[in-house]
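Biologist: I'm new to this one. Can you put it up and walk me through?
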Amino acid sequence: MMEGQRWLPLEANPDVMNQFLKNVGLRPTWQFGDVYGLDPELLSMVPKPVCAVLLLFPVTEKYESYRQEEESKINSQGQEISSQVYFMKQTINLNHACGTVGLIHAVANNQDKLEFESTSALKKFLNESRSMSPEEKASYLEKNESIHVTHECSAQEGQTKAPSVDEKVDLRFIAIVNVSGCLYELDGSRPFPIVHGNTTEDTFLQDAAEVCKKFMARDPEELRFTVVAFSKV
């Protein structure tokens, strides 16, 4: 594979995500599905249990200024991150791969619940990259031909036409996961995971929804938010 090969953006479509995960060897015992709203009634319609939530959101000036404030606060005050958290960076060559990085974050931090095919390219990648640094994981993903090919096929399968690799995309995926009873926001474009307090398997969806609501409240005029949940089938 060529060094520096770039990736197409993945659509925030649960069917596309589920097909991608199936193609990289995850058995469909857990599936992504749409979350139609964040109020209690609509959350109650989401199949349970849920082990991860992905949020697609617009990268706006308001978000960027908040992000810088939050990171400088964490840098000065510190935060405790479990060594069990699987976190990878998103390098410039993975610029449009935030959907795939989000899916990897969702799966990697829930491997104890999931089932993989014996030939799974994703499981092989996770096993081999487990002890790497976040930057090394990103470099390793860049060179992973089987995941890259699956990603490109999935990016072309969405309902909307995939942008070109050079087109600027101002939308980003984050994964929200529960690791050892702590709620984490995982975004490979940021320097570290963000801790959002305690959670439990029972309250995880509501707690993740509160994180999503904060993103929406920061940009009340924006409508380009999509939330999907990774639920047991």
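Modeller: One term to begin with. A polar contact is a pair of N or O atoms within 3.5 Å; within protein, one must be able to donate a hydrogen and the other to accept it, and residues adjacent in sequence count only if both atoms are side-chain atoms. This is a predicted model, where local features need pLDDT of at least 70, side-chain atom pairs count only at pLDDT 80 or more, and totals for chains, interfaces and linings use all residues. Residues are numbered from 1 along each chain as its sequence is written, and side-chain values use heavy atoms, with hydrogens and water left out.

Biologist: Which side chain lies 3.5 Å from the backbone nitrogen of Cys182?
Modeller: That of Asn178, through a polar atom. The Asn178 side chain also reaches the backbone nitrogen of Gly181, at 3.0 Å.

Biologist: Is Asn178 buried or exposed?
Modeller: Buried, because its relative accessibility is 16%. Buried means under 20% relative accessible area, exposed over 50%, partly exposed in between (1.4 Å probe, protein chains only).

Biologist: What does Asn178 touch?
Modeller: Leaving out residues up to four places away in sequence, its contacts include Cys51, Asn109 and Phe204. Contact means heavy atoms within 4.5 Å.

Biologist: And where is Asn178 placed?
Modeller: In strand β3. Helices (H or I, at least four residues) and strands (E, at least two) are DSSP runs, numbered from the N terminus.

Biologist: What about Ser180, buried or exposed?
Modeller: Ser180 counts as exposed, because its relative accessibility is 65%. Ser180 sits in the loop between β3 and β4. Its phi is positive, about 55 degrees, although Ser180 is not a glycine.

Biologist: Now the sheet. What is the strand order?
Modeller: β1-β6-β2-β3-β4-β5, in an open sheet of six strands with antiparallel pairing. Two strands pair if DSSP finds at least two bridges between them.

Biologist: Which strands stand at the edges?
Modeller: β1 (30–34) and β5 (194–198). Each has a single partner strand, so one side of each has no neighbour in the sheet.

Biologist: How many bridges join β4 to β5?
Modeller: Three, and the two strands run antiparallel. Cys182 stands opposite Asn198 in β5.

Biologist: Which strands does helix α8 lie across?
Modeller: Helix α8 (residues 204–218) lies across β2, β3, β4, β5 and β6, at about 5 degrees to β2. Axes are lines fitted to C-alpha atoms, for helices over the stretch in contact, and angles run from 0 to 180 degrees between N-to-C directions.

Biologist: Last one. Which peptide bond is cis?
Modeller: The one from Lys48 to Pro49, with omega near -5 degrees. Pro49 is in the loop between α2 (40–43) and β2.
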